[in-house]
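Please look at the picture first and then follow the sections in order.

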Amino acid sequence: MATYQPKNILITGAAGFIASHVANRLVRNYPEYKIIVLDKLDYCSNLKNLNPSRSSPNFKFVKGDIASADLVNYLLITESIDTIMHFAAQTHVDNSFGNSFEFTKNNIYGTHVLLEACKVTGQIRRFIHVSTDEVYGETDEDAVVGNHEASQLLPTNPYSATKAGAEMLVMAYGRSYDLPVITTRGNNVYGPNQFPEKLIPKFILLAMRGQPLPIHGDGCNVRSYLYCEDVAEAFEVILHKGEVGHVYNIGTKKERRVIDVAKDVCKLFSLDAEKVIEFVDNRPFNDQRYFLDDQKLKHLGWSERTAWEEGLKRTMEWYMSNPDWWGDVSGALLPHPRMLMTSVDASEETKAMISYSWNSQNNTVASTPVNGEITSSTSTVTYSHIK
Ligand SMILES: NC(=O)c1ccc[n+]([C@@H]2O[C@H](COP(=O)([O-])OP(=O)(O)OC[C@H]3O[C@@H](n4cnc5c(N)ncnc54)[C@H](O)[C@@H]3O)[C@@H](O)[C@H]2O)c1
């Protein structure tokens, strides 16, 4: 099988959870690749997630929005990007029940801007689009065969609907403009760096504080969980061995009920599950199960390595060592959090990592000089060469 060799990779959303592990892994394993991260530093992000890469010469961080066509075009050209790994998205289902327009803007329009920039610049050799198992909608409880990559997309909540919408655009740009696209659809991921609005870090932080663990509905919904390092490895494999035009599920056959996840967390903290678990109102709609056929990616040579017990223990140890990674997250620990989706201001320490910061009002770039301080707009960018 031919192996693809990227040179300059733009990774979107890598101040967030999964893509930070992917970016750190690629920076570490491939010093010959240049890795440019583009992230708008939304509420769930943290530049500290990229600490392992920050001093590497092949790494650059750019603060900005994927929905800014000028910025994206500028980056593709000035950084000679040949590969995009597109993770940036609004990702929390609970938020999508509250403010779904933000999901349309970021997940569909943002993806469209990236695709259009690929079309006009004409230099992209791989566009890896990161989607989710949720686009298939829920699987019957008694189904024994998982959704395979050609299964119908039947999303059930605004989050998954916007992810499915973005996929349609990716597919269309592949067909209409020969853009070399690959799409992934993954099961749930857990591990260090995950913002605690998501189930596992939320349970761990609540258990650390001795607070009740809230379960939506009866807790019998089933989910499949992969450890973040295994998923980062899956993206490494897909980047090099994935076939253009194909979709790859990133899945595991191992499923567990939400209530069993809560019980496993209680066990790690020696808590009495009967006393600590609290049943709360269910979501407006809560898919029973997402069950994937995981064979296609296995044929590329990937399989999960980390056992659930080991991954959960490592995750717990990381949150115990880093209890204040995001500062005050009490709002995220509510049973049904609705975050105000505004960007975070980078601290002085982390500002030093930013290579460019984009001012969309006047299309100017603030760049970081060698001493690490951000200067105000130092260069105006024009795009006379882009139609
Ligand atoms: N977490 C999971 O279990 C899971 C499972 C399957 C698929 N996915 C998909 O993987 C991707 C990453 O998920 P995650 O959980 O790591 O996400 P996350 O919420 O932790 O991080 C998302 C990142 O994207 C950035 N971002 C959002 N909108 C942006 C925009 N308009 N411009 C620039 N940056 C923007 C945010 O600042 C944040 O850093 C998403 O596309 C998600 O749909 C996640």
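## Helices H2 and H4

The crossing that helix H2 makes as it passes H4 is right-handed. This belongs to a predicted model, and every description that follows should be read with that in mind. In general, two packed helices are described by the angle between their axes and by the distance between those axes.

## Helices H1 and H7

A second pair is formed by helix H1 (residues 17-29) and helix H7 (residues 228-241), which pack with their axes 9 Å apart and at an angle of about 60°. H1 and H7 are therefore oblique to each other, and the crossing in which H1 passes H7 is right-handed.

H1 contributes Ile 18, His 21, Val 22, Arg 25 and Leu 26 to this contact, while H7 contributes Cys 228, Glu 229, Val 231, Ala 232, Phe 235 and Glu 236. The contact of H1 with H7 divides by class into seven nonpolar residues, one polar residue and three charged residues.

## Helices H6 and H11

The crossing of H6 and H11 is right-handed.

Here Ile 200, Pro 201, Ile 204, Leu 205 and Met 208 in H6 meet Thr 315, Met 316, Tyr 319 and Met 320 in H11. By class, the contact of H6 with H11 holds eight nonpolar residues and one polar residue, with no charged residues.

## Around the ligand

The ligand is surrounded by 30 residues, of which the closest are Gly 13, Gly 16, Phe 17, Asp 42 and Ser 45. Two or more residues of this shell come from each of H1, helix H4 (100-121), strand S5 (126-132) and strand S7 (188-190), and H1 gives the most, with three residues. The shell around the ligand has 14 nonpolar, eleven polar and five charged residues.

## A closer look at Ala 89

Ala 89 lies in the loop between strand S4 (83-86) and helix H3 (93-98). Is Ala 89 buried or exposed? Ala 89 counts as buried because it has 25 C-beta neighbours inside 10 Å, where the cut-off for a buried residue is 20 or more.

Leaving aside residues up to four places away in sequence, Ala 89 touches Gly 13, Asn 106 and Asn 107. The C-alpha atoms of Ala 89 and Thr 162 are separated by 9.6 Å, although these residues are 73 residues apart along the chain.

## The protein as a whole

The secondary structure of the protein comprises twelve helices and 15 strands, and of its 387 residues, 47% are buried. Among contacts between residues at least 6 apart in sequence, 80% join residues at least 24 apart.

Technical notes. Residues are numbered from 1 along each chain as its sequence is written. This is a predicted model: local features need pLDDT of at least 70, side-chain atom pairs count only at pLDDT 80 or more; totals for chains, interfaces and linings use all residues. Axes are lines fitted to C-alpha atoms, for helices over the stretch in contact, and angles run from 0 to 180 degrees between N-to-C directions. Helices (H or I, at least four residues) and strands (E, at least two) are DSSP runs, numbered from the N terminus. Angles under 35 degrees count as roughly parallel, over 145 as roughly antiparallel, 65 to 115 as roughly perpendicular and the rest as oblique. A crossing is left-handed if the near helix is turned anticlockwise from the far one by less than a right angle, and right-handed if clockwise. Two residues are in contact if their C-beta atoms, placed from the backbone, lie within 7 Å. Ala, Val, Leu, Ile, Met, Phe, Trp, Tyr, Cys and Pro count as nonpolar, Asp, Glu, Lys and Arg as charged, and the others, Gly among them, as polar. A residue is near a molecule or strand if its C-beta atom, placed from the backbone, lies within 6 Å of it. A residue is buried if 20 or more other C-beta atoms lie within 10 Å of its own, exposed if 12 or fewer, and partly exposed in between; C-beta atoms are placed from the backbone.
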